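Hi there,

Here is the model I promised to pass on.

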Amino acid sequence: MSEFQKRADEFLSAYIGVYAPGMWSELERRYRKLDRILSDLKRSGRISSADPSQITAEDIKAFILHRRGQGLKDTSISHDLSAISNLCEFVSGNHCVTLARSRYPLLFAKRRRKLLPVLEKEDFSRIASIANSLTQRSDPYRIRNYAMVMVAICGGLRTQEVQYAKAGNLSGDLTTLHLDHVKGMNTYGEERTVPLRPEVKPILALWLGIQRRYGSKYLFPAPDGGVLAVNSMTVARHKVNDEVGLDFDFRMCRRTYAQYLVDEGLETDKVAVILGHSSVKTTEANYARPRDDRVVREVVRMWTGDGGQ
C-alpha cells in the first residue's frame, strides 16, 4: 500500500460519522483515484513526492496542469484539490495547496459560473395546476408524490430535509416548516425554519389528511411509518416527471425556490439564510443571483423613472 493511500485510510477512519455515508464513500473513491494519479506522476518524475506530508506547492502545480491536460473541468480539479488539502493538513499540517494558491494565483483563477437551470414559471404552474386538481378520491400515492415535489419546490428543501421533515413542524396555516434534520447534522448544520410558497397549501392540506393515517411523525413516511428511502423518493419524483413531461430533480427544485425569491426582490443574503448557507457566496455561485435582464430593467427604471425600454 502506498503512503498516500495509507494516510488516506487514516483520514477516512477518523472521519467516520462526521461525513454523511454517501459523502464518505465518494471521498473514499476519490482518494483511491488520487492515489493512482499521484503515483503515476511520481513515477514519471513530474512531482517530487506522493507522500501527503511531503507534497509541495510545485507538485500541486504539476497536478493541476496534468489534470487540465486531461481535459478536466476546473470544478472537478477543485474537488480533487480540496481532498488533497484536507489530507495533507490532517497528516502533518502540510499547507501545500494553500501555498500553491498563493504562489500561482492564476492557476486558481475563478470564473463566474453559469447557474444550473431552474424550472420555468410555466413549468412550475403546470406542476402546481395538476397537484391542486387532485381530490380526496385521487390515488393516495399520486397525492403523496405531488405533495413531495411541491414541498421541495415551495420550500427549497434538500433531499434529506424532505425525507426527514416532520408533519408536526408545519405551522398551522401551512406557511412555514421548521427543519430539525438538516445537512451537516451534529457538525456545521443548524436547524432552520423555511417559508413555504402559497402554491403548496392545497396539495399539502390534502396530503396531511392521508398522512395522519400512518401515525408517523414524518411528513412523507414509509409504509411502516418510518423514514422513506431515498430510492422511493426518486421513484415518486420520476412519476411526476413522467406525468408532467418535465425532467427535474430535487436539486433543481431547490434552485428554483432560491431563484424565484431573488426574482421577486429578496436580497441574496436573506435567501442564503433561508437555504441554510453559511456564506452568501455559496448561494450566488450555485443557486441564485439577480438575472441580467432584471438588473438591466432596474437600471433603466432608475434612470428614466418608469423602467421603459
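A word on terms before the notes: I call two residues in contact when they have heavy atoms within 4.5 Å of each other. Helices (H or I, at least four residues) and strands (E, at least two) are DSSP runs, numbered from the N terminus. This is a predicted model, in which local features need pLDDT of at least 70 and side-chain atom pairs count only at pLDDT 80 or more, while totals for chains, interfaces and linings use all residues. Residues are numbered from 1 along each chain as its sequence is written, and side-chain values use heavy atoms, with hydrogens and water left out.

Let me start with helix α9 (residues 201–211). Its buried residues (buried means under 20% relative accessible area, exposed over 50%, partly exposed in between, with a 1.4 Å probe and protein chains only) are I203, L204, L206, W207, L208, I210 and Q211. The cover over them includes α6 and α7.

Those two helices turn up again around α10: the buried residues of α10 pack against α6 (121–131), α7 (140–155), α8 (159–164) and α11 (250–263). The buried residues here are M233, A236, R237, V240, N241 and V244. They lie on the same side of α10 because they cover an arc of only 145° around the axis (the arc is that of the directions from the helix axis to the C-beta atoms). N231 and D242, on the other side of α10, are exposed. Just after the helix, G245 has a positive phi of about 75°.

On the α1 side the contact is made by F4, R7, A8, E10, F11 and A14, and on the α4 side by N86, L87, F90 and V91.

Finally, R291 sits in the loop between α13 (280–286) and α14 (292–304). It counts as partly exposed because its relative accessibility is 31%. Leaving aside neighbours within four places in sequence, R291 is in contact with V118, Q259 and D263. The C-alpha atoms of R291 and D263 are separated by 7.3 Å, although the two residues are 28 residues apart along the chain.

Best wishes
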